[in-house]
Amino acid sequence: MLVRWVVRSPSDRLLDPACGDGRFLAAHFNAAGVDRDASAVSAVAQDIPHATVHTADFFDWANATGERFDCVAGNPPFIRYQRFKGEVRKTALQLCERFGAKLTGLTSSWAPFVIVSASLLTPGGRLAFVVPAEIGHAPYAQPVIRFLLDNFSGVHVVAIREKVFPDLSEDIWFVYASGFGKSSGSLGFSSYNSFRDVPEPLSSGERIDRSDLQSWNYRLRPFLLPRAIRDLYVQLSHLEGVFRLGDCARVGIGYVTGANDFFHLRPSEARRLGIPDEFLTPALRRSAFLPQRAVTHRTVENWLKRDEPVLLLNIPAGASLPTQVRRYLDSSAGQKARTAYKCRARSPWYSVPDVRVPDAFLSYMSGLGPSLVANDAHCVCTNSVHAVHLTNSISTTELLHRWPHLLVALSCELEGHPLGGGMLKLEPREASHVVLPASNLGMSESRHELLEEGIVILRRWRHYA
Ligand SMILES: C[S@@+](CC[C@H](N)C(=O)[O-])C[C@H]1O[C@@H](n2cnc3c(N)ncnc32)[C@H](O)[C@@H]1O
């Protein structure tokens, strides 16, 4: 399908920059492929004799080749930034920068494959790629979308709800761009339930103006919703008294110990070791421990009664250490803990940084939607939940009062992103954008229904049944 989208004539020269077993090359006679896997390349050379194939890292090859192509199609590798590193990433990002796209270190490998492939096109050239659905929300995808709009006269993204590759955790979408050498003021976007529904040629879908894209920070997920729902969301977000969570609170991750088992003691252990109370702070360690509305003194008493390992060994830097604490730090568990990466990287290794008492906790990985829970017990929290610190006049009570609203639920779906397996993830930056309705926000039945419909649609797109 992608080869059909990009090839206009039998003489068109086609490139697949990561050709693997060569199935894109097999679909067109005048084709060239690159792959760094020598065994894949020799199999292609044997099975698809009409194709020219090169064994090379694509970015090195692209840097050196003088060849240009009429079209590009492929399924580039999706290697997350944690594993996409070293020389390959350096060359890839440098080439992207040369072509005007500044990608950050958090970029997954497919993004430079798209940009560097585009740079090998002749004027008027076309490209079509399989891309992860992350193109619809990841911050690193924004410069890719901007690059495509700046360098092609037509850009289209196709979202597919059902899994195209059922064995992969990753949802995939498609990107198609034509008219290399010109720019475009809008992006075509269409969404389909399944791969089988995608029409040909690409004529359908919505045209999204660049200014509209900009107002959504180049995130495409909102465009999975019918316009009426999107418009209602924008309208409600701008009403008087409505604000974003980031306007009244700082949302951040909880503390990171580097060795959770060592730093969190059960009450029975703390007693046995004789650790003084002043070095022990009750901590929320799992979002599953969150009650519905508030973590109260009673909640903490229950944790302690159940002898849960919830007492953080909280030693301020510079504190003088009693013998019992020193003995625990020097125990074999302590010897092991201090070798953990996070502990080695700080001084002293036993002082956990950023231990603060938040006003509320926010779960950031959820099925139905994130919960916001007051911290009446003045606990601290690990990075298993987000810590919410109020920054101006709103009280925790008022914040909690605003939270259980359909507008908040839709906002979490829109500002957060799917994580696979039906889960919704809300990064601190995304949580800051969540819209909080005014407490007196009246809602007609039809508006109510639209918001509900939007929530159902976005949950379906993240495979939450
Ligand atoms: C997802 S597969 C695509 C294979 C084929 N196009 C398909 O759809 O079946 C990605 C291919 O990228 C290749 N690859 C990964 N990094 C590469 C790089 N830096 N340069 C060239 N090829 C690379 C891998 O060897 C693998 O064959």
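How many residues of domain 1 are in contact with residues of domain 2? Six residues of domain 1 touch seven residues of domain 2, where contact means that the C-beta atoms of two residues, placed from the backbone, lie within 7 Å. By class, the touching side of domain 1 holds two nonpolar, two polar and two charged residues. In this grouping, Ala, Val, Leu, Ile, Met, Phe, Trp, Tyr, Cys and Pro count as nonpolar, Asp, Glu, Lys and Arg as charged, and the others, Gly among them, as polar.

The structure is a predicted model, in which local features need pLDDT of at least 70, side-chain atom pairs count only at pLDDT 80 or more, and totals for chains, interfaces and linings use all residues. Residues are numbered from 1 along each chain as its sequence is written.

The overall layout comes next. Domain 1 covers residues 2-224, and domain 2 is made of 250-314 + 353-461; these bounds come from an automatic or database domain assignment. The centres of the two domains, taken over C-alpha atoms, are separated by 38 Å. Along the principal axes, the C-alpha atoms of the protein fill a box of roughly 80 × 60 × 35 Å. The protein has 19 helices and 22 strands, which are DSSP runs numbered from the N terminus (helices are H or I with at least four residues, strands are E with at least two). Of the 465 residues in the protein, 41% are buried. A residue is called buried if 20 or more other C-beta atoms lie within 10 Å of its own, exposed if 12 or fewer do, and partly exposed in between, with C-beta atoms placed from the backbone. Among contacts between residues at least 6 apart in sequence, 74% join residues at least 24 apart.

A shell of 18 residues surrounds the ligand, and the closest are Ala18, Gly20, Asp37, Phe58 and Asn75; a residue counts as near when its C-beta atom, placed from the backbone, lies within 6 Å of the molecule. This shell divides into eight nonpolar, three polar and seven charged residues.

Strand S11 pairs with strand S19 (residues 386-390) in the antiparallel sense over five bridges. Here isoleucine 253 has histidine 386 of S19 as its bridge partner, while arginine 250 stands opposite histidine 389 in S19. Strand S15 (residues 360-362) also pairs with S19 in the antiparallel sense, over three bridges, and leucine 362 stands opposite histidine 386.

The other open sheet has four strands in the order S12-S14-S13-S18, and its pairing is mixed. Strands S12 (264-265) and S18 (380-381) stand at the edges with a single partner strand each, so one side of each is left without a neighbour in the sheet. Strand S12 and strand S14 (residues 311-313) pair in the antiparallel sense over two bridges, and leucine 265 has leucine 311 of S14 as its bridge partner.

A few individual residues deserve a look. Leucine 121 is found in strand S5 (residues 121-132). Leucine 121 counts as buried because 24 other C-beta atoms lie within 10 Å. Leaving aside residues up to four places away in sequence, leucine 121 touches Arg68, Phe69, Val72, Leu127 and Phe180.

Most residues other than glycine have a negative phi, and most peptide bonds are trans. Asparagine 217, although not a glycine, has a positive phi of about 55°, and tyrosine 218 likewise has a positive phi of about 60°. Asparagine 217 is found in the loop between helix H7 (210-215) and helix H8 (227-237), and tyrosine 218 has its place in the loop between H7 and H8. Asparagine 217 is exposed because 12 other C-beta atoms lie within 10 Å, whereas tyrosine 218 is buried, with 20. The peptide bond from serine 347 to proline 348 is cis, with omega near -10°. Proline 348 is located in the loop between helix H15 (341-344) and S15.

Notes
Pairing = 2+ DSSP bridges.
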